[in-house]
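Have the structure open while you read along.

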Amino acid sequence: MANIISDETMEYVGILAKLELSDEQKEQAKKDMARMLDYIDMLNELDTSGVEPMSHVFPVNNVFREDEVTNGDERETILKNAPAKKDGSFMVPKTVE
Amino acid sequence: MREGKERMIMQTASMTALELGRKIRQREISAAEAVEASLAQIEAAEPSLNCFVTVDGEGARAKAEKIQKAIDDGTLTGPLAGVPVGIKDNMCTEGLLTTCSSKILYNFKPTYTAEAVLNLERAGAIIVGKTNMDEFAMGSTTETSAFGVTRNPWNTEHVPGGSSGGSCAAVAAGEVPYALGSDTGGSIRQPSSFCGVTGLKPTYGTVSRYGLIAYGSSLDQIGPIAKDVSDCAAILETIASYDRKDSTSVKRTDCDFTSALVDDVKGLKIGIPSDYLAAGLDEEVKTAILKAADVLKSKGAQVEEFDLSLVEYAIPAYYVIASAEASSNLSRFDGVKYGYRAEQYEGLHSMYKRSRSEGFGEEVKRRIMLGSFVLSSGYYDAYYLKALRTKALIKQAFDRAFEKYDVILGPAAPTTAPKLGESLADPIKMYLGDIYTISVNLAGLPGMTVPCGMDSKGLPVGVQLIGDCFQEKKIIRAAYAYEQGRGPWELPAAMRFARAAGGGEKDGPKTSAGQTGGNETNCAGKADEHVSAAAGKGGI
């Protein structure tokens with residue numbers, strides 16, 4: 001196995017992915033990711049120098065439009081699925097002291 | 001009364017969507033009767049299959065009444081008016097639970113409907129339920145669903161494939177005449193092959209992604225799953241539309257797909273990639289695919305093998321790109337605005353993390369973490385940009401192929417449906433099963449699966465037809481001509497459950513007769529071979 005995922009890397013990935021893993025899950029995730037990266041390293045066999053990265057298959061250009069309001073007040077609708085709400089707003093834990 | 005209902009169920013279970021629509025227009029069957037037949041079939045089949053996350057009997061019955069009025073007063077005249085449909089549970093349906101088969105959306109009732117589904121509703125379709133899938137469409141077996149596995153109607157010890165496994169199995173079991181699925185790496189074409197139904201993934205940008213809960217946005221496309229090619233063409237014609245709400249929607253003026261239902265392939269150039277027939281492909285699948293090619297040849301098509309190249313590189317490129325996009329797309333699930341929120345947490349960030357960790361399943365977390373990693377600074381160039389460069393090379397390989405051929409023909413999967421529980425233990429092995437479908441998504445191409453035979457275990461095989469971008473009509477024509485040459489395709493499970501639904505049998509049998517037992521080692525053995533073949537090239 002060429003790739004070894006360190007504890008620090010796993011910690012960092014957890015922060016980026018906003019996931020909280022138990023120690024056991026972390027060990028498994030390290031193994032899974034290392035194995036997947038070993039497999040992905042197959043791409044290094046390909047010479048891609050001079051090849052532009054292709055994010056879209058078709059040429060895509062930005063499409064401009066007038067910034068006009070087309071929808072009305074949808075506060076009630078938007079709040080329908082809120083796990084917690086208060087005074088017409090989403091309720092979340094305290095974020096500032 | 002009862003006899004009438006029984007006859008109705010038996011009739012509708014075997015009908016295509018277009019046949020049922022015709023009978024409804026001719027007043028031989030009412031929309032309400034079509035819905036009742038579908039619901040009865042669902043009731044009979046669901047205990048053994050679990051194709052649906054949600055069945056909306058009440059909503060469907062109410063809708064049937066409205067639709068019937070519109071048919072009677074001449075407002076609705078289209079081919080799908082009054083015909084029941086199943087919608088994959090990753091498409092938003094206003095007021096109707098939409099879970100993506102994930103705990104994190106266990107209670108989510110969208111406040112709007114996906115554009116593709118709206119297009120169907122405008123045509124008079126009646127939604128009877130939301131079909132099961134791999135969680136967030138990440139998987140190839142429908143086993144990663146938080147709401148239980150779906151079983152294959154041909155043999156319930158086997159998976160239906162995935163991720164649109166619920167949609168494909170529901171059509172194969174006659175629960176609905178047709179369904180919508182979505183295809184990010186083969187999620188319509190592979191389960192269609194495993195379930196013996198016909199499925200089409202359109203050119204990227206043809207069907208609006210608005211309201212489709214995103215997995216890999218540059219790859220996702222919605223498409224039809226049905227009993228035959230004519231249905232798929234008619235359904236695609238209905239759901240395709242330019243949509244300002246989807247920034248990658250393409251303005252097309254050639255969406256009259258049913259005009260391509262022509263039984264003529266004389267002079268059509270068909271290429272079979274030699275790599276698609278190489279080691280790793282089950283012999284029985286190969287035989288069925290080549291027999292399908294022979295049918296097209298006998299009808300005047302020119303068929304030859306060619307070297308597509310880069311085939312095995314599509315899988316690693318895909319998993320980098322799809323995981324990267326997934327990690328970004330799924331960051332919206334944080335327990336604030338909708339869906340699951342953890343009960344215990346200390347502060348905002350802990351709430352995010354716990355809600356996500358408890359709400360997402362293992363495969364989804366695995367891909368989010370991989371995606372976060374390949375996008376992180378220091379690894380972005382080596383993994384993400386490298387994968388996008390590989391994608392460009394794969395697109396070029398297809399461009400070269402389509403200079404010579406009208407259609408590319410091959411398998412949709414290396415094997416027939418594996419047994420339940422065989423795939424998830426080894427993710428990379430499961431990913432390798434996507435080898436024939438994944439590059440089509442990377443290149444944005446249309447692809448279609450049509451049933452073409454059976455293996456010795458009694459499981460169906462599908463042949464995949466791939467076209468150049470915007471050339472759906474060529475693959476529809478080839479698929480239609482093949483279908484005419486192949487002859488009728490039976491769905492035994494649909495009739496079995498219809499007999500049960502009509503009261504002829506007390507219970508839907510757990511497995512179809514004569515298909516269980518024996519010959520069980522075949523599948524696993526082949527899958528192992530496939531891994532070692534790929535390992536030889538890629539060095540796992």
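Before the helix pairs, a word on axes: I take each axis as a line fitted to C-alpha atoms, for helices over the stretch in contact, and angles run from 0 to 180 degrees between N-to-C directions. One more caution for the whole notebook: this is a predicted model.

**Entry 1: helices 10 and 13 of chain B.** I looked up how these two meet. The axes of helix 10 of chain B and helix 13 of chain B come within 9 Å, and their crossing angle is roughly 125 degrees. That value makes helix 10 of chain B oblique to helix 13 of chain B. I noted the crossing of helix 10 of chain B and helix 13 of chain B as left-handed. On the helix 10 side of chain B I listed B:A314, B:A317, B:V320, B:I321 and B:A324, and they meet residues of helix 13 of chain B, including B:Y383, B:Y384, B:L388 and B:I394. By class, this contact of helix 10 of chain B with helix 13 of chain B comes to ten nonpolar residues, one polar and one charged.

**Entry 2: where chain B touches chain A.** Next I turned to the two chains. I found 53 residues of chain B in contact with 37 residues of chain A. Helices 10, 11, 12, 13 and 14 of chain B each give two or more residues to the side of chain B that touches chain A. Which helix gives the most to that side of chain B? It is helix 13 of chain B, with eleven residues. The side of chain B that touches chain A holds 27 nonpolar, 14 polar and twelve charged residues.

**Entry 3: helices 3 and 4 of chain B.** I then checked a second pair. Helix 3 (residues 31–49) and helix 4 (residues 57–72) of chain B pack with their axes 8 Å apart, at an angle of about 155 degrees. Angles over 145 degrees count as roughly antiparallel, so helix 3 of chain B and helix 4 of chain B are roughly antiparallel to each other. Their crossing is right-handed. From helix 3 of chain B, B:A31, B:A32, B:V35 and B:L39 meet residues of helix 4 of chain B, among them B:A60, B:A64, B:I67 and B:I71. I logged eight nonpolar, two polar and two charged residues for the contact of helix 3 of chain B with helix 4 of chain B.

**Entry 4: helix 2 of chain B.** I asked which residues are buried in helix 2 (residues 17–25) of chain B. They are B:A17, B:L18, B:L20, B:G21 and B:I24. These cover an arc of only 160 degrees around the axis, so they lie on the same side of helix 2 of chain B. After helix 2 of chain B comes B:R27, with a positive phi near 65 degrees.

Entry 5: I finished with the loops. B:G162 and B:S163 are joined by a cis peptide bond, with omega about 10 degrees. B:S163 sits in the loop between strand 3 and helix 6 of chain B.

A:D87 is not a glycine, yet its phi is positive, about 50 degrees. I placed A:D87 in the loop between strand 1 and strand 2 of chain A. Is A:D87 buried or exposed? With 5 C-beta neighbours inside 10 Å, A:D87 counts as exposed.

B:S101, also not a glycine, has a positive phi of about 50 degrees. B:S101 belongs to the loop between strand 2 and helix 5 of chain B. B:S101 is buried, with 32 other C-beta atoms within 10 Å.

Key
Residues are numbered from 1 along each chain as its sequence is written. Chains are lettered from A and ligands numbered from 1 in the order in which they are written. This is a predicted model: local features need pLDDT of at least 70, side-chain atom pairs count only at pLDDT 80 or more; totals for chains, interfaces and linings use all residues. A residue is buried if 20 or more other C-beta atoms lie within 10 Å of its own, exposed if 12 or fewer, and partly exposed in between; C-beta atoms are placed from the backbone. Helices (H or I, at least four residues) and strands (E, at least two) are DSSP runs, numbered from the N terminus. The arc is that of the directions from the helix axis to the C-beta atoms. Angles under 35 degrees count as roughly parallel, over 145 as roughly antiparallel, 65 to 115 as roughly perpendicular and the rest as oblique. A crossing is left-handed if the near helix is turned anticlockwise from the far one by less than a right angle, and right-handed if clockwise. Two residues are in contact if their C-beta atoms, placed from the backbone, lie within 7 Å. Ala, Val, Leu, Ile, Met, Phe, Trp, Tyr, Cys and Pro count as nonpolar, Asp, Glu, Lys and Arg as charged, and the others, Gly among them, as polar.
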